[in-house]
Amino acid sequence: MARVTHVKKAQQRYGTKPVLDEDGKPKRTQVMKNGEPKMTRAKRGRPARPVYMTLTERDLNDPKPLETCDACNKPIEIGTPYKWIQPKTSANGGRKRSRHESCPNWKVWEYSNSWSARIAQAVDGFSIEDAESEDDVQSALDDVAAAIEELAEESATSASSMEDGFGHSTSQSEEAAERAESLETWAGEIKDVTIPDLPEPEPRWFVTNGDGVPSDLFEEDGYDSESDADHALAMHRDDNRPEGAEDATEDDDFEVEEITPDEPSEEQLNDWRDEVRDACSIVDESPV
């Protein structure tokens, strides 16, 4: 992962110009490495020589335009907080990328095309936060497995192309073939995850309108016990008793009844989702 640097306030950027000496010539300083002068490589007929670099300074007459956030494509105004990364893409470094502090951090596949980054992208969409059935979970598993199978097919095709080009297998083609096999196996394991059974709805205590239909004036999911429901009804009556009356009115049709809902409660679903996450941990176990 690229290191994210956070900056409290964006500053005006300027171009640079060489620092001049008394004669108007660019100043140079000797480059040091590990406390010793850095030298060029000696070549035939040319001895090693010290390396120098030209000193530069900000050119206040050359203000640079504002940086642009690569998430929202809006300028990063001077004085506002922002963050930046500079992932290494070559021996000479890489391009700097900036974003507003309020914009999301970079995903690894946004700045890298490595296999690990692409696999991370394939599994990133897997979510069971809103799952309400075993079919919902299986659909999510099938989707991520399909994305991984596409990567496996691409890697297998790459291995085959290298072998056809060279006329024989190479270390790179063997690596690609092994990666394809590992990804294919992993995708199969994901599709075959044993999903925990959805819990059966549990009886709950509801305040009804006297007709067996829960009143929308009380908890939608009902109450854990009859006493909790009785208390909620008593508080409601107390809050709505006529002015001057000493006791809470019971001049209504409310009743406390035990009812088994058609669907599991949200609490039951949350507990089930926790079990599903444990069962689906294979999604986070990339073999590549």
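Which residue lies over the face of W115, and at what distance from the ring centre?

Guide: The model is a predicted one. In it, R118 is the residue placed over the face of W115, 5.1 Å from the ring centre. A charge counts as sitting over a ring if NZ of Lys or CZ of Arg is within 6 Å of the ring centre and within 35 degrees of the ring normal. W84 has a lysine in such a position: K96 lies over its face, at 5.0 Å from the ring centre.

Next come rings that pair with each other. A pair of aromatic rings is described by the distance of the centres and the angle of the planes. The structure holds one aromatic pair. Its members are F218 and F254, with centres 5.4 Å apart and 85 degrees between the planes, an edge-to-face arrangement. The pair links distant parts of the chain, 36 residues apart. F218 belongs to the loop between β10 (204–208) and α4 (226–239), while F254 belongs to the loop between α4 and β11 (255–259). Both F218 and F254 are buried.

As for the whole, 27% of the 288 residues of the protein chain count as buried. The secondary structure of the chain comes to five helices and eleven strands. Its radius of gyration is 33 Å, well over the 19 Å that the globule rule gives for 288 residues, so the chain is more spread out than a compact globule. The C-alpha atoms fill a box of roughly 110 × 65 × 35 Å along the principal axes. Of the contacts between residues at least 6 apart in sequence, 61% join residues at least 24 apart.

Note on methods: Residues numbered from 1 in each chain as written. Predicted model: local features only at pLDDT ≥ 70, side-chain atom pairs only at ≥ 80, totals over all residues. Heavy atoms only, no water. Phe/Tyr/Trp six-rings, centres within 6.5 Å; stacked < 30°, edge-to-face > 60°. Helix = DSSP H or I, 4+ residues; strand = E, 2+ residues; numbered from the N terminus. Buried < 20%, exposed > 50% of the residue type's maximum accessible area, 1.4 Å probe, protein only. Rg over C-alpha atoms; globule rule 2.2 N^0.38 Å. Contact = heavy atoms within 4.5 Å.
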